[in-house]
Amino acid sequence: MASKPGILSDWPWQSMGNFKYVILVPGAIYSTYSFITKAENERNLFMFLIFPFLVFRLVHYQLWISYSRYRTAKGNNRILDKSIDFDQVDRERSWDDQIILNGILFYGAGIVLKDQFNMPFFKADGTLIILLLHWGPAEFLYYWLHRALHHHYLYARYHSHHHSSIVTEPNTSFVHPMAEVLSYYGLLLIPTLISVYIGKANIVGVFTYVTVIDFLNNMGHCNFEFIPKWAFIIFPPLKYIVYTPSFHSLHHTQFRTNYTLFCPLYDYVYGTVDKSTDTVYETALKREAESPDVVHLTHLTTLDSIYHLPLGFPSLSSKPQASKWYLLFMWPVTLWSVLLTWIFGHAFISERNTFKKLKLQAWVVPKYNMQYFSKWQRETISKLIGEAIEDAHKKGAKVLSLGLLNQHEEFSRNVELYIKKNPHLKIKVVDGCSLAAAIVLNSIPKETTQVLLRGRISKDACILVQALCQKGIKVLTLQEDEYKKLLKYDNKLESNLVLSKRYDVKVWLVGDGLTEKEQSKAPKGTLFIPFSIFPPKKVRQDCYYHITPAMEAPKSLENMHSCEDWLPRRVMSASRVAGIVHASEGWDVNDCGGTIFSIDKVWEASLENGFRPLSVST
């Protein structure tokens, strides 16, 4: 919010959440029904196309958001290195309110001014007139309105809300209090209303005008330079007609310069162009893609996980991953994304962070859980992981950490073999098993003397049981084959490893494969501590569930604005933390496959680097 919110700051549908789009339903039903039932010469095509056009606007914005985050993460042509955070994402969640307002105004105008807004599909001269009217009076009036909004009275009550975002994204572009958006729409409607008055209005012209505004508004709020220098060399006057992202970025950092909407002419005329405009522009153009120090290699999980990526929907990626009913309407996009994962053969960048002097990146293998579990895809996935390691090595990364199923024993062993076959690789690979075991060990209550082990016996389980037995804590297991497998890993465990049929243990260490039936046998108040990759399903309301091995990130870890899978905000998985700690400590060893790092050493180093353990969730 603004520092001193003025009247009409809040949108009237603010409390409706995602149901706010219901407001547009009556208009959509009315226009569709009228179009179907009326005679051909009485149909209002403009009214009929409003709803599809609003959907197009939403898609247009989302494409810019995804592309902007991708380019900013890569780093080439990036303007500012400053971070965005969860507060900014939450504040900018209202970016689509102006699209709802657009729909209300269009439907209202179409109903009240039926004859004037029953316009032809296309008029070339009308389209040109609308665009010229914008670059003339609309831009001029906006310039002075914008300067007025920077007066301390209006700035404190309205415009400071927009300027809370120093590093901008496309969704920053129309994040304003309602009264401010109404004033902008009043200006931007001038070209459309004049074209209606003189009889030159047309559907293509009106929709093109709004699309051009969206395009330039989104482009100008990207944190990377977009317009190439040769465009200004070929046509020098262009610098007075169209702004650049770096031009508007300076307005958000300097506040009192570069007031223009899209047309810098008025800043040049009235002497408000920032003196560093050309320098910042050229510096951004010369900037190359960033070389990471640490790469975290993860992958897609569920079918709708693509929307939860940092490149997806900010409203979803900024919260722990959970299924949303409205994503069912996205099934055509979801289906295409699944098909593309069978074709697209390369990991892609999804996020960047910084920690102290380390540059961190998250890369995504374009494969889903179901593909990781498919025998037919395992060879392909191993190849993708190997290529990602090679790419990270070429980019100069010191450490690559394996996230989610990339750290599965089969893939982790393949990575170990890949590294041995390619001795030229200087990069170190970490699967985080040692830190995961350390986190679980330190999550067990101090007074505990025995624990029950359930779930699949993995490398993590073996490391964990070995550490527990060495501390004198008895580990109970229910299956003879599990008991023998653990003894095979270390025959010294026999004194504290117990084959039992008891379920009345208050601390359960659970891996993948824990069933609901097994959970039902746990006594009331049992603490479930997972060492699994994925969290167990919570079926007991009278028990406690710890989160999967993870730690809270320190404040010095910057640019965190997305949640990692199901984890809470500013929480990182054990494998991701392990990779950062390995790089920070300068450890020149691998920690994957059959190689195991010191549990105590990695735990102490994690704490020294500011990472903190999590409390139990009830």
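Which backbone oxygen does the side chain of T168 reach? Before I answer, a word on what we are looking at: this is a predicted model, in which local features need pLDDT of at least 70 and side-chain atom pairs count only at pLDDT 80 or more, while totals for chains, interfaces and linings use all residues. Residues are numbered from 1 along each chain as its sequence is written, and side-chain values use heavy atoms, with hydrogens and water left out.

The answer is the backbone oxygen of H221, at 2.9 Å from the side chain of T168. T168 sits in the loop between helix 6 and helix 7, where helices (H or I, at least four residues) and strands (E, at least two) are DSSP runs, numbered from the N terminus. With a relative accessible area of 5%, T168 is buried, a word that here stands for under 20% relative accessible area, using a 1.4 Å probe and protein chains only, with exposed meaning over 50% and partly exposed in between. If we leave aside its neighbours within four places in sequence, T168 is in contact (heavy atoms within 4.5 Å) with H221, C222, N223 and H252.

Let me turn to helix 5, residues 124–149. Its 26 residues, at 1.5 Å a residue, should span 38 Å, and the end C-alpha atoms are 35 Å apart, which agrees; the expected span is 1.5 Å times one less than the number of residues.

An open sheet of six strands runs in the order 5-4-1-3-2-13, with mixed pairing, and two strands pair if DSSP finds at least two bridges between them. The edge strands are strand 5 and strand 13, each pairing on one side only. Strand 4 and strand 5 run parallel and are joined by three bridges, and L400 has V429 in strand 5 as its bridge partner.

Finally, two loop residues other than glycine have a positive phi. N258, in the loop between helix 11 and helix 12, has phi near 55° and counts as buried at 0% relative accessibility. L404 lies in the loop between strand 4 and helix 18; its phi is near 50°, and at 7% relative accessibility L404 counts as buried.

Methods:
A polar contact is a pair of N or O atoms within 3.5 Å; within protein, one must be able to donate a hydrogen and the other to accept it, and residues adjacent in sequence count only if both atoms are side-chain atoms.
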